[in-house]
Amino acid sequence: MPETTLAAGVRIRDLTKSYGPVRAVAGVDLDIVAGETVALLGPTGAGKSTTLDMLLGLTRPDAGSVAVFGRTPEQAVRDGLVGAMLQSGGLISEVSVRELLELAASLYPRPMAVADVLARADLTELAGRRTTKLSGGQAQRVRFALALVADPELLVLDEPTAAMDVESRRRFWASMRELTAAGRTVLFATHYLEEADQYADRVVLMAGGAVVADGPATAIKAVVGGRTVRATLPGARAADLEALPGVTAVEIHGDGIRLTCTDSDAALRALLAAQPAAKDIEVGGADLEDAFVALTSGATA
Amino acid sequence: MNATYLRTEVRRTLRAPRYFIFVIGMPLGLFLLFASLYGQGTQDGISGTAWLMVSMSVFGAMGAAVSIGGRIAGERQAGWTRQLRLTPMPGWTYVAAKAVTALLVAVPALVLVYAVGALAEGVRLPASTWAEAAGWSLLALAPFVALGIWLGHRLTNDVLGPLSGALFTVLGILGGVWFPVDQLPSALAGVARALPSYWLAQAGREPLAGTWIGWHGLSVLAVWTAGFTLLAARAYRRDTARN
């Protein structure tokens with residue numbers, strides 16, 4: 001297979017898809033460089049799954065184009081270049097985990113050895129177990145194994161660690177690190193924002209069918225100013241706090257207040273001057289969750 | 001279609017409890033029961049016992065063919081067919097593998113009933129006749145395979161289960177699988193001779209009398225097969241359309 005086409009990575013241009021009056025995906029542009037690990041974040045209904053479906057050739061776009069390693073998604077799938085883990089991806093009954101993976105491996109031109117897949121998906125001990133006797137997290141690892149067995153250049157994972165416990169999740173990402181070290185391209189959708197922050201080279205935020213932010217997790221944090229001020233302030237009024245300089249968002253929970261700031265120094269000085277009763281003050285960096293809320297609420301308003 | 005895929009499909013079917021109950025157990029049990037009750041005399045030029053033996057063997061084979069519908073419906077619901085679309089396997093292979101599997105797992109259903117007929121019920125036939133009966137039964141199973149594929153792509157499993165059970169029973173009774181059609185009212189006997197189940201049962205029995213179902217029987221089976229195949233193809237296309 002020519003390296004030049006693998007180097008083309010994934011190229012999505014002006015991708016659009018409507019279901020009736022609903023614009024599920026409204027003009028998405030996205031480039032993924034070969035070897036990159038990209039997280040796709042967004043609230044339910046943001047258009048993530050529809051975008052992934054079009055990337056995989058399961059859904060036909062109304063307009064726009066998708067190229068995977070310089071070819072159509074269908075061709076990329078036929079060439080065994082793509083492995084995908086769908087959220088709803090069902091397992092069949094009356095087979096053991098090993099038999100299921102042997103079956104899947106037989107469908108690809110250059111599959112990964114089944115023993116290798118079992119090890120990477122942390123399934124070696126469960127190889128002989130029937131698929132109907134697996135816990136939710138174990139079934140999720142089998143879905144991951146099904147995505148791996150193609151030995152794909154592009155891995156597409158829709159909420160890969162859903163239903164996994166903390167330990168499984170840690171092992172899952174450790175396994176992913178090994179895989180991506182070999183130069184694979186990964187696109188994953190997740191609800192665990194810390195996963196995107198920790199494991200992705202780049203975070204793409206979607207809302208209302210469009211990409212609202214695209215960059216390294218650190219850059220996404222910078223977009224919203226990067227700092228929060230927390231304090232205890234009984235009887236605080238949102239309007240007073242919003243009027244403070246450098247404050248972009250205010251949350252009040254009982255006696256606790258939380259200010260999202262572009263300039264936390266100015267905000268803090270003004271807060272202390274205007275509200276001498278404020279105590280237990282903490283200043284911290286904004287996490288990705290904040291970036292997420294700020295950006296997506298802005299786009300849907 | 002690769003060998004691993006087909007082997008796994010066959011193995012899965014044989015492991016399902018439903019297979020043992022409806023395809024193997026019930027036909028065998030019913031054959032033993034009916035043979036002791038109605039095994040005397042002759043029917044359609046063969047002994048009553050042989051007649052019943054073929055009836056119950058095709059009854060099991062019919063079960064094997066129609067049950068693939070339930071598997072298809074279940075695998076569609078579970079999202080497995082969607083997962084398969086993310087592999088290089090061409091879509092038609094899935095359906096073809098199901099059809100071949102149905103025929104393969106019908107073989108034990110036929111052979112076991114024959115074996116009981118030969119060993120316990122004293123049915124004596126030349127080896128070539130056994131082979132002809134089995135071969136014709138499998139050939140005549142074609143409309144039921146297509147029917148199963150059609151229903152599997154149209155219905156969900158909870159509808160399909162009871163519906164195929166009912167359909168199966170009606171086709172069995174009206175088609176003279178359970179008792180000779182000449183015992184039916186004459187209007188119904190006419191209907192029977194237009195049904196695929198009638199010609200399936202006859203296809204298995206005629207070789208025992210040294211004959212075959214003839215061009216007429218073959219045509220009826222071909223028309224049903226073509227009809228169900230058309231419906232199955234349409235349902236398959238609709239089910240797998242990228243929208």
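Predicted model: local features only at pLDDT ≥ 70, side-chain atom pairs only at ≥ 80, totals over all residues.
Chain B has an average pLDDT of 91, and 100% of its residues score at least 70. Within chain B, the mean pLDDT is lowest, at 86, in strand 1 (residues 42-43). Helix 6 of chain B, which covers residues 127-139, has the highest mean, 96.

Strand 1 of chain A (residues 10-19) pairs with strand 2 of chain A (residues 22-32) in the antiparallel sense, over 8 bridges. Opposite Arg11(A) stands Asp31(A), a residue of strand 2 of chain A. The two strands make a hairpin, with 2 residues between them. Gly20(A) lies in that turn and has a positive phi of about 60°.

Strand 1 of chain A has a further pairing, with strand 4 of chain A (residues 63-68). This pairing is also antiparallel, and 5 bridges make it up. Here Val10(A) has Val68(A) as its bridge partner in strand 4 of chain A.

Helix 2 of chain A spans residues 48-55 and is mostly covered, with 8 of its 8 residues buried. A residue counts as buried when 20 or more other C-beta atoms lie within 10 Å of its own. After helix 2 of chain A comes Gly57(A), with a positive phi near 80°.

Conventions
Residues numbered from 1 in each chain as written. Chains lettered and ligands numbered in written order. pLDDT = per-residue confidence, 0-100. Helix = DSSP H or I, 4+ residues; strand = E, 2+ residues; numbered from the N terminus. Pairing = 2+ DSSP bridges. Buried ≥ 20, exposed ≤ 12 C-beta atoms within 10 Å, placed from the backbone.
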